[in-house]
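Dear colleague,

Please find below the structure that I am handing over to you. My findings follow it, and I would ask you to read them with the structure open beside you.

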Amino acid sequence: MFDSAMDKAEIRTRMRAQRKLLNTPDRVANIVRHAADLPAGAVVALYAAIGAEVPTDDLAKALVDQGRTLCLPVVVDRDAPMVFRLWSIGDPLEEDAAGCPAPLDLVSEVMPDLVMTPLVAFDGRGGRLGQGGGYYDRTFEMMPDIMRVGLAFAGQETEYLPKEPHDIGLHGILTENGYRPFK
């Protein structure tokens, strides 16, 4: 689909349009049906979806039903790794330093076992193309042992993604087709 001459900005533009088309209630419901297939982890970091990112509301409910504790990422400093704050369904959110919905600053920080990350595109080798801010890559670099799972629609997969030294890969992906680990 993409060749090595394409840059990340061009891929993002194309794949954001693709993701928007793929974001349907049926596909989201199928993703949630596969929540039990996710790797183990008592504390799971989700995200509050923005734009056409895979919505996480129903997935949050499914994870709570499994007995998992939830948290959300928070950008406190735009040039630093994110922190994670405990979060329960219905808790109030405020904008963090990146303008994303996040738990209030009085909420306790926690270290997740499993991080569900949004993305624009992914490849079959665990490559992930995010929004371009580098927040997840900086965070994953500081927490290399955390299980990293992308949350996407199957149609966001591409054969090739350019990789730079700072790009941190995923351990697996959850789509409407189920959970798939990467080697």
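This is a predicted model: local features need pLDDT of at least 70, side-chain atom pairs count only at pLDDT 80 or more; totals for chains, interfaces and linings use all residues.

On one side of helix 2, Asp-26 and Arg-33 are exposed.

Which residues of helix 2 are buried? They are Val-28, Ile-31 and Val-32. Viewed along the axis of helix 2, its buried residues lie within an arc of 100°, so they line one face of the helix. Asp-26 and Arg-33 are on the other side.

The nonpolar core comes next. The largest one has 35 residues, and those with the most contacts inside it are Leu-46, Leu-59, Met-116 and Leu-151. Several elements each supply at least two residues of this core, among them helix 2 (25-33), helix 3 (57-65), strand 6 (114-118) and strand 9 (147-151). Helix 3 gives the most, with four residues. Apart from neighbours within four places in sequence, Leu-151 is in contact with residues including Ile-31, Leu-59, Met-116, Ile-173 and Leu-174.

I turn now to the strands. Strand 1 and strand 2 run parallel and are joined by three bridges. Within this pairing, Val-44 stands opposite Leu-70 of strand 2. Five of the six residues of strand 2 are buried, so strand 2 is largely enclosed by the rest of the structure.

Strand 9 is joined to strand 6 by five bridges, and the two run parallel; here Leu-114 has Met-147 of strand 9 as its bridge partner. Strand 9 also pairs with strand 10, in the parallel sense and over three bridges. In that pairing, the bridge partner of Val-149 is Gly-172 in strand 10.

How many aromatic pairs does the structure hold? There is one. Tyr-136 and Phe-140 form this pair, which is tilted, with 5.8 Å from centre to centre and 50° between the planes. Being four residues apart in helix 4, Tyr-136 and Phe-140 are separated by about one helical turn. Both residues are buried.

Finally, I draw your attention to Ala-17, which belongs to helix 1 (residues 8-22). Is Ala-17 partly exposed, or is it buried? Its relative accessibility is 43%, and Ala-17 therefore counts as partly exposed, since that category lies between the limits of 20% for buried and 50% for exposed. The C-alpha atom of Ala-17 is separated by 37 Å from that of Leu-106, which is 89 residues away along the chain.

Yours sincerely,
A colleague

Definitions and conventions. Residues are numbered from 1 along each chain as its sequence is written. Side-chain values use heavy atoms; hydrogens and water are left out. A nonpolar core is a set of buried Ala, Val, Leu, Ile, Met, Phe, Trp, Tyr and Cys residues joined through side-chain atoms within 4.5 Å. Buried means under 20% relative accessible area, exposed over 50%, partly exposed in between (1.4 Å probe, protein chains only). Contact means heavy atoms within 4.5 Å. Rings of Phe, Tyr and Trp (its six-membered ring) pair if their centres lie within 6.5 Å; planes under 30 degrees apart count as stacked, over 60 as edge-to-face and the rest as tilted. The arc is that of the directions from the helix axis to the C-beta atoms. Two strands pair if DSSP finds at least two bridges between them.
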